[in-house]
Amino acid sequence: MIEALEKLHEEAARRLERCASEPELEQIRIDYLGRKGGKLTALMRGLRELPADERPRAGQELNRRRAELEDLLDARLKGLRENAATLADGGPRLDVTLPGNRPERGRVHPLTRVTDEIIDVFTGMGFEIARGPDVEDDYHNFEALNIPRDHPARDMQDTFFVSEDHVLRTHTSPVQIRVMEQRRPPLQIIAPGAVYRHDDDATHSPVFHQVEGFMVDHGITFGDLKGVLTHFLEQIFQDEVRVRFRPSFFPFTEPSAEVDIGCILCRADEDSGGCRVCRGSGWLEILGSGMIDPNVFDFVGYDTETFSGFAFGMGVERIAMLKYGMDDIRMFFQNDVRFLRQFPP
Ligand code: PHE
């Protein structure tokens, strides 16, 4: 008897839980407590057949269960009516004082950020953006840039070869060739993008990013190169950065210059000792540049008597590392959110 009661109660409670309307609820009431067919009522009637000494306990239990079921039915009815009222009232109320779910704000990757800043400064001076393929042919990556077959830059240690005459571009300079093949001066172009070299340590990554730039027209001089790059560096590194041009060599520029800025970490000069980053020199190498070599113009069919131009190339990671005081290039590519979160959204 007690067991049967237990089962009935569980069954009724389950039905109540699923019940979604008042008529359904009424049916449940009838099925269990109804005067005629009610299952609990039937058990009540069965009391008479029990031995006299079991009757009082079973009766007590039956009454308890009956009251419990009545309470459940009433509570459910109340709930259903409240729901209906809220819905009629225009839906559940919104408590605007509750703390909300704060969505995580994404951040621009520091490399994207620095690339955008670089692009901004040059577009401000009238430069356009061009792009070229990451898988480049030997001709555009080397040959037309006046890098002959036996040049050390083609060494297996630096270049990723895709096939006999295709490589992952080792610099963005091939974009110079591609643009000049297609167009005539005047040209003022920057070409941002990924480049690839077989190199991997705290300051070298096998994939890194460069921004190439060049300008070709009648009468472009080294003075133009100096003016454009000095303005650029002052914009990127702010507060009166010192700039120096140092003679250098690139096969595709003549004359060539490497451009250094005064160390922005120790702000020292050669005499006062410097720091680890500038290796005591007080200067940081920032980019390569030069006047476009006449041999390069020959490759793209520009008359070297009519046109002259300058070109430059810089590493985005290097500039970002200096700006943010980082000493390991690998942090850019690990996607550690603790690192990325340090940059403002
Ligand atoms: N391509 C050179 C490099 O990757 C940089 C450079 C570009 C130098 C243009 C001069 C002119 O190191």
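1. In this predicted model, helix H3 (residues 39-46) and helix H4 (residues 55-88) have axes that come within 10 Å and cross at roughly 165 degrees. Because an angle over 145 degrees counts as roughly antiparallel, H3 is described as roughly antiparallel to H4. The crossing of these two helices is left-handed. On the H3 side the contact is made by Leu40, Leu43 and Met44, and on the H4 side by Leu62, Asn63 and Arg66. Sorted by class, the residues of this contact are four nonpolar, one polar and one charged.

2. Helix H4 also has a contact with helix H2 (residues 22-33), and here the two pack at an angle of about 175 degrees with their axes 10 Å apart. That angle makes H2, too, roughly antiparallel to H4. From H2 the contact takes in Glu22, Leu25, Ile28, Arg29, Tyr32 and Leu33, while H4 contributes Arg66, Leu69, Glu70, Leu73, Asp74, Arg76, Leu77, Leu80 and Arg81. The classes in the contact of H2 with H4 come to eight nonpolar, no polar and seven charged residues.

3. In H5 the residues concerned are Glu117, Ile118, Val121 and Phe122, and they meet Val228, Leu229, His231, Phe232, Gln235 and Ile236 in H8. By class, this contact of H5 with H8 holds seven nonpolar, two polar and one charged residues.

4. Turning to the chain as a whole, its secondary structure comes to eleven helices and ten strands. The radius of gyration is 40 Å, whereas a compact globule of 345 residues would have a value near 20 Å. Taken along the principal axes, the box filled by the C-alpha atoms of the chain is roughly 125 × 50 × 45 Å.

5. Seven of the strands form an open sheet with mixed pairing, in the order E1-E5-E6-E10-E9-E8-E7. Strand E1 (128-129) and strand E7 (243-250) stand at its edges, and each has a single partner strand, so one side of each is left without a neighbour in the sheet. Within this sheet, strand E9 (residues 283-292) and strand E10 (residues 308-315) run antiparallel and are joined by five bridges; for Met291, the bridge partner in E10 is Phe310. Helix H7 (residues 174-182) packs on the sheet, where it touches strand E5 (187-196), strand E6 (207-217), E9 and E10, and the direction of H7 makes about 40 degrees with that of E6.

6. A second open sheet is formed by three strands, in the order E2-E4-E3, and its pairing is antiparallel. Strand E2 (135-137) and strand E3 (161-163) are at the edges with a single partner strand each, so one side of each of them has no neighbour in the sheet. From one strand to the next, the twist averages 35 degrees. Strand E3 and strand E4 (residues 166-168) pair in the antiparallel sense over two bridges, and the bridge partner of Ser163 in E4 is His166.

7. Some points of the backbone deserve a look of their own. Pro185 and Pro186 are joined by a cis peptide bond with omega about 5 degrees, and Pro186 lies in the loop between H7 and E5. The peptide bond from Glu254 to Pro255 is likewise cis, with omega near -5 degrees, but Pro255 lies in a strand, namely E8 (residues 253-262). Arg279, whose place is in the loop between E8 and E9, has phi near 50 degrees, which is a positive value in a residue other than glycine.

How values were computed. Residues are numbered from 1 along each chain as its sequence is written. This is a predicted model: local features need pLDDT of at least 70, side-chain atom pairs count only at pLDDT 80 or more; totals for chains, interfaces and linings use all residues. Side-chain values use heavy atoms; hydrogens and water are left out. Two strands pair if DSSP finds at least two bridges between them. Helices (H or I, at least four residues) and strands (E, at least two) are DSSP runs, numbered from the N terminus. Axes are lines fitted to C-alpha atoms, for helices over the stretch in contact, and angles run from 0 to 180 degrees between N-to-C directions. Angles under 35 degrees count as roughly parallel, over 145 as roughly antiparallel, 65 to 115 as roughly perpendicular and the rest as oblique. A crossing is left-handed if the near helix is turned anticlockwise from the far one by less than a right angle, and right-handed if clockwise. Contact means heavy atoms within 4.5 Å. Ala, Val, Leu, Ile, Met, Phe, Trp, Tyr, Cys and Pro count as nonpolar, Asp, Glu, Lys and Arg as charged, and the others, Gly among them, as polar. The radius of gyration is taken over C-alpha atoms; the globule rule is 2.2 Å times the number of residues to the power 0.38.
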